[in-house]
Amino acid sequence: PAIADDFDGNSVDILEYVGDNDATFATVDGAPFGSTSNVLQYVDNGGQYANIQLRTCNKFDMAVTNFFTMDVYIDGSSLTGAQANQVSFKLQDKSLAGNAWQTQVAINVPITAVDTWQTVEFDFIASSDRTDFDQVVIQFNGENNSDQVIAYIDNLVSSTSPEPDPCDGVTGAPAIADDFDGNSVDILEYVGDNDATF
């Protein structure tokens, strides 16, 4: 599937949401949090492994659907304990029920500020050969603790992992090199111009 949910009644290939281990959820008006639409409220009441699970109608084709984004907002006044602010996104096989965690893949993304919206990305291209995933686990602020948190989610979307930027991380004056055997340094592309080919 290619999942999507804006929590205004527009969703794609989502069967259900389930709260697990003292986590509850509800669709609420996002206006108090600066959103112009409805959002999903996530409440961890202190459950040791609290999370919410999104179950899909079909298995993910991870060769195509391997990149997920969503907007998140943590209510700073709701936080208890000393857990690092983060959100985990885990892909599981729901047919394994309580053992689904044993074959899961997971990515944790830090939340750099509370009381503001932040777009987070989860790139599972390394798992593009998997064919068993049909459950997403979303978990704020880690597990195996009794800390509490209230967070909000909006604009959940899946897609194909973007092509890496060949110039990402390149700084300073370039020092180019190319042996035309597949080894090049700081070269973005070659372009033929005005009837010149290469």
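Which residue forms a salt bridge with Glu-16, and how far apart are the closest N and O atoms? Point 3 gives the reply; the points before it set out the basis and the overall build.

1. Basis of the note. This is a predicted model, in which local features need pLDDT of at least 70 and side-chain atom pairs count only at pLDDT 80 or more, while totals for chains, interfaces and linings use all residues. Residues are numbered from 1 along each chain as its sequence is written, and side-chain values use heavy atoms, with hydrogens and water left out.

2. Overall build. The protein has 14 strands and zero helices; helices (H or I, at least four residues) and strands (E, at least two) are DSSP runs, numbered from the N terminus. Along the principal axes, the C-alpha atoms fill a box of roughly 65 × 35 × 35 Å. Of the contacts with a separation of 6 or more, 72% are between residues 24 or more positions apart; contact means heavy atoms within 4.5 Å. Buried residues make up 39% of the 198 residues. Here buried means under 20% relative accessible area, exposed means over 50%, and partly exposed lies in between (1.4 Å probe, protein chains only). The accessible surface comes to about 10700 Å², and carbon and sulfur atoms hold 48% of that surface. Accessible areas come from the Shrake-Rupley method with a 1.4 Å probe; for residues, only the protein chains shown count as cover.

3. The salt bridge of Glu-16. The partner of Glu-16 is Arg-55, and the closest N and O atoms are 3.3 Å apart. A salt bridge is a side-chain nitrogen of Lys or Arg within 4 Å of a carboxyl oxygen of Asp or Glu. Glu-16 sits in strand S3 (residues 14–20) and Arg-55 in strand S6 (residues 51–56), so the pair links distant parts of the chain, 39 residues apart. Both ends are partly exposed: Glu-16 has a relative accessible area of 34%, and Arg-55 has one of 21%.

4. Other salt bridges. By the same rule the count comes to five salt bridges. One of them joins the side chains of Glu-143 and Lys-90, at 3.0 Å from N to O. This pair also links distant parts of the chain: Glu-143 is in the loop between strand S11 (135–140) and strand S12 (149–159), Lys-90 is in strand S8, and 53 residues separate them. Glu-143 is partly exposed at 39%, whereas Lys-90 counts as buried at 8% relative accessibility. Arg-130 forms a salt bridge with Asp-132, with the closest N and O atoms 2.9 Å apart. Arg-130 counts as partly exposed at 22% relative accessibility.

5. Charge. The protein has 5 positive and 32 negative side chains. Lys and Arg count as positive and Asp and Glu as negative; His and the chain ends are not counted. The centres of the two sets lie 17 Å apart, with each charge placed at NZ of Lys, CZ of Arg, CG of Asp or CD of Glu.

6. The core. The largest nonpolar core has 33 residues, and Met-70, Phe-89, Leu-91 and Phe-140 touch the most other members. A nonpolar core is a set of buried Ala, Val, Leu, Ile, Met, Phe, Trp, Tyr and Cys residues joined through side-chain atoms within 4.5 Å. Not counting residues up to four places away in sequence, Phe-89 touches a list of residues that includes Phe-68, Met-70, Ile-107, Phe-122, Ile-138 and Leu-156.

7. Two positive phi values. Phe-7 has a phi near 65 degrees, a positive value in a residue other than glycine. Phe-7 lies in the loop between strand S1 (4–5) and strand S2 (11–12) and is buried, with a relative accessible area of 6%. Ala-97, not a glycine either, has a positive phi of about 50 degrees. Its place is the loop between strand S8 (86–92) and strand S9 (105–110), and Ala-97 is exposed, at 57%.

8. Ala-2. This residue is found in the segment before S1 and is partly exposed, with a relative accessible area of 43%. Leaving aside neighbours within four places in sequence, Ala-2 is in contact with Val-12, Thr-65 and Ser-158. The C-alpha atoms of Ala-2 and Asp-193 are separated by 39 Å, with the two residues 191 apart along the chain.
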